[in-house]
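My notes follow the order in which I looked things up.

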Amino acid sequence: MTDGPAAASTPTARRGAGSVVVTGAAVLSAYGRGTAALLAGLLSGQPAFAPVQRFDVGARRVRVAAAMPGRPELLTEVTRAVREACDDAGLSPSDRARSPLFLAIHTDPAIARAAEPDQPGLGPDAFTASVADGAGLTGEGIRCYMSACVAASTAIADAAAIIARGHADRVVVAGGYLVDRDQFALFDAGRVLADDGQVRPFSVSRRGLLLGDGVGAVVIESSESAHARRVPPLARVAGWGRSGDAYHPCLPHPEGRGMARAVTAGLQRAGIAAEDLGYINAHGSGTGQSDPAETNALRLALGDAVETVPVSSTKSLHGQALEASGVLELIVTVLAAREGLLPVNAGFLGQDDRCRLNLVLGEALAATPEFAMSLNAAFGGANTALVIGLP
Amino acid sequence: MTPEAAIVPTGLAELHAAAAAVGLTVTSSGSWPETDADGEVTALAGFIESDFSPLLAQVATRALRGRAQQQASGTVTAIVIVTSLGDITSATRVAAAVDAGERVPPLQFFQSVPNSVAGYLAARWHLTGPVVCVSETTAGLDVAALLIDDADADEALVVCVDLAVTDGGRHRAAAILVTGPVRPERQGNRRIPRE
């Protein structure tokens, strides 16, 4: 495969001048519904993985995931999260009626088993429109992102970029993935699921990833809009970066060149130095190739600061939420930074020399970062970096 | 964004017009079917049982072959995939295999998201920009314009693909390579209502 450009050739990232903030958030994870349940689960340090009860996994090589009890339904849960995020942001019905939705999903879960003539009516557009309608949001300007594990983070970056340029006052970004039999079968067939039942990012003897429920929604708006509504921001979306590896259909560039450019662009847009980062919520899938590539990316982009900035992958706790990862992990990052406790990188068995990072190990780390970064990567060599700042 | 609109794949003429409407310049393009010779989609190594990824690669390659031979050094090209239903053939086959208790082919895992064929194109053509997939054409062009305005890309390859989903239907796909100029004032998301 061809080599990607070095991080040093990263062009200067541009952004609009406006300040962008998060004013509301709502979430569902295997720890339960709500940000309080998620934060408590994260700070417990206890991974949420358990035998799958939601569907038959008898024929699968791995039979574990981080799934909440019962059979939650995606449209219901995403719509609920969007409503709750809007409630959290104090949006009035008329505010909501002027707010578009950017939604990150794989597709409508019903489409694969629908009769062929019915399939066009079950596409992601129709699903997104249903969520927007159910939550009282406008039907104009809505989008559905389906870019695998960077779908939600890309949607957040785009929403922030649009608002920073003054092209919109507010966008609601949501993402949803609930552990399902088809994706579980695919990941099992791809032999990427951890057959020891734990996700061990950046650790020796890591065995792969595990799927996890994740539904999240955030209200992103201009500082002026939040100020006019007298709503205190939860955090600022200070910077964002998106890049590609140009390396392989599904493997990351081993030197992390693409991800390094996303990190650099995120820092540039935030107007901060690597030393200003107080926490990185890593992509940290726990797979053999991805973790060393991410480590190399961080070493390339952060320089000496990589030795000191605390890093953890909370996929070791809540699992891999696929298209929803970006919004789930942004919420995790905001909750942790605001709480002053950084979640542990669970499942760690020992140092892998290819993954030397300042990992949060053992227990949550007390820290009050002014800036934190959430990283995501996906098949196709897609990378995103989101930088949040505490107000 | 109506369900009815989802069954009408975007053709090349519509794509050119939509790009112009958001201030993007089309530097190269390709479509499928282009001639009567476009009967069967050419297979793509590593992708099985569905025409989605091979068709996407084929139409994108047509657009990329048509661009200027000498790209400026360091040009960053984003890939923006637009598909209203995605790889519905693969999704349906996986569901059927799961329901029947049959083995799911491992290659289906790798092609289960549109990013994979984007990664193939990125590696083949050295496209180092972001990879995005959205479900609607205007959103895809807005994303392309935003990436260029933000300097995360110098140009974008926008590929629209939808498989025929009715008996007797025919796959359609179109791809355009678009570039700036950078227009910070561009109302690329003017569909979003302002307060």
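**Ground rules.** I am working with a predicted model, so local features need pLDDT of at least 70, side-chain atom pairs count only at pLDDT 80 or more, and totals for chains, interfaces and linings use all residues. Residues are numbered from 1 along each chain as its sequence is written, while chains are lettered from A and ligands numbered from 1 in the order in which they are written.

**Chain B, overall.** I found six helices and five strands in chain B. Those are DSSP runs, H or I over at least four residues for helices and E over at least two for strands, numbered from the N terminus. Along the sequence the order reads α-β-α-β-α-α-α-β-α-β-β. Of the 195 residues, 55% are buried. Buried takes 20 or more other C-beta atoms within 10 Å of a residue's own, exposed takes 12 or fewer, and partly exposed is in between, with C-beta atoms placed from the backbone. I also looked at contacts with a separation of 6 or more: 75% of them in chain B join residues 24 or more positions apart. Contact here has the C-beta atoms, placed from the backbone, within 7 Å.

**Helix α1(B).** Which residues of α1 (12-21) in chain B are buried? I noted B:Leu12, B:Leu15 and B:Ala19. After the helix comes B:Gly23, with a positive phi near 80°.

**Strand β3(B).** I checked both faces of β3 (131-134) and found them covered. B:Val131 and B:Cys133 are buried on one side, B:Val132 and B:Val134 on the other. In a regular strand, side chains alternate between the two faces of the sheet. β3(B) pairs with β2 (77-82) of chain B in the parallel sense over four bridges; pairing takes at least two DSSP bridges between the strands. One partner I looked up was that of B:Ile79, and in β3(B) it is B:Val131.

**B:Ala97.** This one lies in helix α3 of chain B. Beyond its neighbours within four places in sequence, B:Ala97 is in contact with B:Glu102 and B:Val104.

**Where B meets A.** The contact takes 62 residues from chain B and 70 from chain A. On the chain B side, α5(B) gives the largest share, eight residues. By class I have 36 nonpolar, 19 polar and seven charged residues on that side. Nonpolar covers Ala, Val, Leu, Ile, Met, Phe, Trp, Tyr, Cys and Pro, charged covers Asp, Glu, Lys and Arg, and the others, Gly among them, count as polar.

**The core.** The largest nonpolar core has 212 residues, and those with the most contacts inside it include A:Val327, B:Ala144 and B:Val158. Such a core is a set of buried Ala, Val, Leu, Ile, Met, Phe, Trp, Tyr and Cys residues joined through C-beta atoms within 7 Å. Helix α5 (151-164) of chain A gives the most to this core, eleven residues.

Technical notes
Two residues are in contact if their C-beta atoms, placed from the backbone, lie within 7 Å.
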